Amino acid sequence: MAIAKVCGIETEYGIQVVNGDPNPIAASSVLINAYARDVARQQTGWDFEDEAPGNDARGEVKEGAMPPLVETHLVNTVLTNGARYYVDHAHPEFSSPECRDALEAVRYDRAGEAIVVRSMEAADASLHDGSHLVVYKNNSDGKGNSYGCHENYLMDRETPFSRIVAGISPHFVTRQLYCGAGKVGSETAFHEGGSVDFQLSQRAEFFEEQVGLETTLKRPIVNTRDEPHADPHRYRRLHVIVGDANLAEVATFLKLGTTSLVLAMIEDDVSPSRSLALADPVRAIHAVAVDRTFSQPLQMADGSTATALGIQWELYSVARKYADDRGLDCLGEAEIGDAILDRWEQVLNGLETDPSTLSRQVDWVAKLHLLEAYRGRHGCGWDDPRMAAVDLQYHDLRPSRSLFARLDTEKLVTEASVASAVVDPPRTTRAWFRGQCLKRWPASVATANWDSLVFDLGSDPLRRVPMMDPLKGTAEHVEALLDSCSSPAELVDRLSS
Amino acid sequence: MAERELKKKQATERTDEEVDEVPASSAAGEKLKAELDDLLDEIDEVLEDNAEEFVRNYVQKGGE
């Protein structure tokens with residue numbers, strides 16, 4: 001049986017300084033420090049003890065592979081909602097807490113946006129030189145520089161990695177049909193010679209390999225980073241780097257939901273009757289991004305052809321049957337699995353009949369609708385800078401400037417539930433224990449990371465509490481225990497007895 | 001597969017019906033157009049003044 005698909009989203013935001021020092025590392029630090037100091041009023045740092053991003057799921061390290069550097073000197077905080085908020089390279093990054101299902105992941109993704117908005121306000125209030133910070137939730141600067149929005153999924157260690165690669169690649173190549181955030185033009189050599197007015201995906205053209213360890217150079221469609229942040233004998237964390245950052249809630253829900261579902265089928269070794277292996281997944285992901293008919297034939301490994309939409313219909317129909325046969329408990333409560341399947345079917349139908357009907361659900365459709373309307377009014381061509389400006393400003397997170405916020409897109413979570421996710425952890429994963437300890441005893445939590453908390457109880461030595469199972473430490477498991485402890489020392493004593 | 005075809009077909013019919021309704025009512029069409037005009041007015045208002053400079057100045061370092 002497939003295991004619970006605990007998931008989360010890490011978003012690297014674009015950051016721009018207006019009228020000030022353009023150094024993005026300094027700007028990201030100002031942004032996050034302002035939030036930690038003035039809004040959250042909390043400074044618990046990150047514990048780097050278990051960071052090993054160079055471990056390769058294939059069990060070997062390819063020659064010339066460059067594992068990412070772990071930058072321990074930059075701002076790095078843990079929030080009471082269980083998230084990590086920090087400076088990653090030259091970007092502010094929000095890593096959501098572990099979520100039990102795709103809808104919860106949407107809620108915490110939105111909480112991340114709300115935290116960034118508050119951070120901008122706090123940072124601007126602290127800057128007295130006339131400068132201010134602007135943060136964008138997108139994935140490229142339009143000049144060939146890309147930054148990521150990564151997803152993580154809990155997987156059973158027993159599932160062979162080669163089966164994951166084979167099973168998930170067709171989905172990663174084609175899910176951009178409804179997960180793409182849209183982009184004006186192109187910025188890599190892949191589309192040189194052909195003129196590209198608009199692409200479905202921000203990220204697709206930056207992918208150069210099918211499988212690999214890197215995340216910044218020669219980006220692979222399937223990333224092999226093997227850093228489970230959990231018991232490595234039982235679990236794997238599939239680190240997904242191929243996606244776009246979404247603003248439309250339905251797109252985020254489908255991105256996490258359909259991927260969780262396909263991964264569950266891979267764990268249970270359920271696959272389509274016809275092989276969906278592409279002859280050249282890298283070429284295919286580029287081609288799908290620029291094909292607004294979704295019907296361009298893609299070469300399959302077995303010599304046949306398939307369309308991107310055909311591959312999605314195939315995956316959907318296997319998933320529907322899988323759900324009927326085995327149920328979707330691994331995706332959370334029953335209504336979550338049902339909603340994933342129903343919405344998946346709806347977007348595929350919409351793409352097939354009239355994609356413009358999806359402008360409230362799918363980012364690239366919403367953005368394209370906006371661009372076409374703008375073009376209609378001003379008579380400008382696709383290469384007019386105003387088109388790129390509309391594209392960029394779609395992703396501006398300032399409520400006063402965001403173009404996305406002006407669209408009537410469909411909401412899946414209430415503003416009240418987002419506001420609570422800004423400060424409260426999810427109740428159904430170990431993030432609850434992390435967040436609650438930080439809430440209750442901020443002065444006693446010295447550092448935290450995904451799989452442990454380190455308490456400073458005022459007496460040597462520091463006490464580390466491991467959390468090697470993402471499904472333990474939930475409110476159901478430990479709320480009564482925490483409520484009955486009058487001090488962190490009592491909690492640590494009772495946990496270790 | 002047959003079941004999938006059926007579902008697709010039903011959903012397609014549903015969508016077609018919805019699309020048919022829009023031109024049937026010119027009032028609804030007018031409303032959509034007015035909403036789009038309002039949206040475009042708002043975009044003209046908030047879009048950065050110098051689009052060329054705004055886009056040129058947005059330079060990021062690669063991340064991840």
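Biologist: Where in chain A is E98(A) found?

Modeller: This is a predicted model, in which local features need pLDDT of at least 70, side-chain atom pairs count only at pLDDT 80 or more, totals for chains, interfaces and linings use all residues, and side-chain values use heavy atoms, with hydrogens and water left out. Residues are numbered from 1 along each chain as its sequence is written, while chains are lettered from A and ligands numbered from 1 in the order in which they are written. Helices (H or I, at least four residues) and strands (E, at least two) are DSSP runs numbered from the N terminus. On that numbering, E98(A) sits in the loop between β6 (91-95) and α2.

Biologist: Is E98(A) buried or exposed?

Modeller: Buried means under 20% relative accessible area and exposed over 50%, with partly exposed in between (1.4 Å probe, protein chains only). The relative accessible area of E98(A) is 9%, so the residue counts as buried.

Biologist: Which residues does E98(A) touch, not counting residues up to four places away in sequence?

Modeller: Contact means heavy atoms within 4.5 Å. E98(A) and W432(A) are 334 residues apart in sequence, yet their C-alpha atoms are 9.0 Å apart. The residues touched by E98(A) are V6(A), C7(A), P426(A), T429(A), R430(A), A431(A), R434(A) and W450(A).

Biologist: With which residues is L79(A) in contact, leaving aside neighbours within four places in sequence?

Modeller: L79(A) lies in the loop between β4 (76-78) and β5 (84-88), and at 3% relative accessibility the residue counts as buried. From L79(A) to S96(A) the C-alpha distance is 9.8 Å, for 17 residues in sequence. The contacts of L79(A) are Y35(A), Q42(A), Y85(A), F94(A), I115(A) and L438(A).

Biologist: What is the phi of N19(A), and is N19(A) buried or exposed?

Modeller: N19(A) belongs to the loop between β2 (14-18) and α1 of chain A. Although N19(A) is not a glycine, its phi is positive, at about 60°. With a relative accessible area of 59%, N19(A) is exposed.

Biologist: F294(A) also has a positive phi; is F294(A) buried or exposed?

Modeller: The phi of F294(A) is about 60°, although F294(A) is not a glycine. F294(A) is placed in the loop between α6 (281-289) and β14 (298-299) of chain A. Its relative accessibility is 3%, so F294(A) counts as buried.

Biologist: Against which helices do the buried residues of α11(A) pack?

Modeller: Helix α11 (residues 415-423) of chain A has S417(A), V418(A), A421(A) and V422(A) buried. Down the helix axis, the buried residues fall within an arc of 155° (the arc of the directions from the helix axis to the C-beta atoms), so they line one face of α11(A). An α-helix has 3.6 residues a turn, so residues three or four places apart point the same way. The buried residues of α11(A) pack against α1 (24-39) and α2 (102-126) of chain A.

Biologist: How far apart are the mean positions of the positive and negative charges of chain A?

Modeller: Lys and Arg count as positive and Asp and Glu as negative; His and the chain ends are not counted. The place of a charge is NZ of Lys, CZ of Arg, CG of Asp or CD of Glu. For the 49 positive and 74 negative charges of chain A, the mean positions are separated by 2 Å.

Biologist: Which residues of chain A does Q60(B) touch?

Modeller: Chain B has 3 helices and 0 strands, and Q60(B) lies in the segment after α3 (51-57) of that chain. Buried residues make up 25% of the 64 residues in chain B; at 4% relative accessibility, Q60(B) counts as buried. Q60(B) touches G14(A), I15(A), Q16(A), H91(A), D141(A), N145(A) and Y147(A).
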